[in-house]
Amino acid sequence: MFGNYAANVETVTLSLPSAGKAGRPAVIDVVRWLLARPDLHLTDLFVREDRCLFGSTVDGLVRFTLSVDGVEYAPDRHQMEQFLSAVFDDGWQNRIRVRALDEGLRLDEAGWCRFNGHRFEGGRLQVAIRRHPPQPLTLEAIQAPPQFRTLAQRPRGLILFVGRTSAGKSTTM
């Protein structure tokens, strides 16, 4: 998914809050924590089994190097299954074998999110999360050129948004 853009990926190193006796935090808690951080400006988050988390911002892709008490964090199969059970309704295990899962969910102050779960690379689990903030982003926040405001004020017309994966088309709309 991100192979073609590896040179344009920023790496962010963060320490996750400790989960106490539970050890590693639940994936849903990590997702909530990351999406609620205003300093990250995340528009999308990608959670893969046995891989680091990736995010998308208005500035490009972000690779998260996460750790808990000094130990690198990457969700394993069991944690991904718990995450999918928290997001999708009963029966997701059977449905994901034949198609992708799609669900909308409100995550506290992080706003509304669209979750898309599917299998990749030999059956490993992945969830792509598209964040829809509680308030629409301003043209300044998405770093849109001044011509966007002029186009948006026109009474008629068609505006097409095109670009590579993770270029910010949905965020701009």
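Leu 151 counts as partly exposed, because its relative accessibility is 38%; partly exposed lies between buried, under 20% relative accessible area, and exposed, over 50%, with a 1.4 Å probe and protein chains only. Leu 151 sits in helix α4, residues 147-152. Helices here are DSSP runs of H or I with at least four residues, strands are runs of E with at least two, and both are numbered from the N terminus.

Before going on, the basis. This is a predicted model, where local features need pLDDT of at least 70 and side-chain atom pairs count only at pLDDT 80 or more, while totals for chains, interfaces and linings use all residues. Residues are numbered from 1 along each chain as its sequence is written, and side-chain values use heavy atoms, leaving out hydrogens and water.

Back to the surface. Together with Ile 159 and Phe 161, Leu 151 forms a nonpolar patch with about 240 Å² of accessible area. Accessible areas come from the Shrake-Rupley method with a 1.4 Å probe, and for residues only the protein chains shown count as cover. A patch takes residues with over 30% relative accessible area and no salt bridge; nonpolar side chains (Val, Leu, Ile, Met, Phe, Trp, Tyr) are joined within 5 Å, like charges within 9 Å. A salt bridge is a side-chain nitrogen of Lys or Arg within 4 Å of a carboxyl oxygen of Asp or Glu.

Now the inside. Is strand β2, residues 42-48, largely enclosed or open? Seven of its seven residues are buried, so the rest of the structure largely encloses β2. Thr 43 belongs to this strand, and it counts as buried because its relative accessibility is 8%. The C-alpha atom of Thr 43 is 7.3 Å from that of His 132, although 89 residues separate the two along the chain.

Strand β2 has two antiparallel partners to mention. Pairing requires at least two bridges found by DSSP. Four bridges join β2 to β3, residues 53-57, and Phe 46 has Phe 54 as its bridge partner there. These two strands form a hairpin with four residues between them, and Asp 50 in the turn has a positive phi of about 60 degrees. Five bridges join β2 to β8, residues 124-132, where Arg 48 is partnered by Gln 126.

Last, helix α2, residues 77-87. Its buried residues are Gln 79, Met 80, Phe 83, Leu 84 and Val 87. They lie on the same side of α2, because they cover an arc of only 135 degrees around the axis, taken from the directions from the helix axis to the C-beta atoms.
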